[in-house]
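Subject: Structure for your attention

Dear colleague,

Please find below the structure that I am handing over to you. My findings follow directly after it.

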Amino acid sequence: MSASPTGEIYRIDWLPGTDVLHGTCHCGAEHTAQDPVEMWEWMLGHPEGHAPRAQERQQP
């Protein structure tokens, strides 16, 4: 496999003491979910379903 790196970093953390996962996309958007499949679909569906933090703050 010789795919070149994209520089995109996805992070999923488990919140101890809960069944909750907290994801951070390479664009800075954040999402929480209990289902790991839902979390990965959200992350890999970029940009559908979420926007970078700067865009989220600008919306009324």
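Two strands are said to pair if DSSP finds at least two bridges between them. With that in mind, please note that this is a predicted model, and that in it Asp-13 stands opposite His-22 in β2.

**The sheet**

The strands form an open sheet of 3 strands in the order β1-β2-β3, and their pairing is antiparallel. Strands β1 (11-14) and β3 (30-33) each have a single partner strand and stand at the edges, so one side of each has no neighbour in the sheet. From one strand to the next, the twist averages 20°.

Strand β1 runs antiparallel to β2 (residues 21-24), and 4 bridges join them. Within this pairing, the bridge partner of Ile-12 is Gly-23 in β2. The hairpin of β1 and β2 has 6 residues between the strands, and there Gly-17 takes a positive phi near 85°.

Strands β2 and β3 also pair in the antiparallel sense, over 4 bridges. Here Thr-24 has Glu-30 in β3 as its bridge partner. In the hairpin of β2 and β3, 5 residues lie between the strands, and Gly-28 has a positive phi near 100°.

Which residues of β2 lie on its covered face, and which on its uncovered one? Leu-21 and Gly-23 make up the covered face, whereas His-22 and Thr-24 belong to the uncovered face. In a regular strand, side chains alternate between the two faces of the sheet.

**The helix**

Helix α1 spans residues 36-44, and its buried residues are Met-39, Trp-42 and Met-43. Seen down the axis of α1, these buried residues fall within an arc of 95°, so they line one face of the helix. The exposed residues Val-37, Glu-41 and Leu-44 are carried on the face of α1 that is turned away from its buried side.

Against what do the buried residues of α1 pack? They pack against β1, β2 and β3.

Finally, there is a detail at the start of α1: a side-chain oxygen of Asp-35 reaches to within 3.2 Å of the backbone nitrogen of Val-37.

With kind regards

Note on methods: Residues numbered from 1 in each chain as written. Predicted model: local features only at pLDDT ≥ 70, side-chain atom pairs only at ≥ 80, totals over all residues. Heavy atoms only, no water. Helix = DSSP H or I, 4+ residues; strand = E, 2+ residues; numbered from the N terminus. Axes fitted to C-alpha atoms, helices over the stretch in contact; angles between N-to-C directions. Buried < 20%, exposed > 50% of the residue type's maximum accessible area, 1.4 Å probe, protein only. Arc of directions from axis to C-beta. Contact = heavy atoms within 4.5 Å. Polar contact = N/O pair within 3.5 Å; in protein donor to acceptor, adjacent residues only side chain to side chain.
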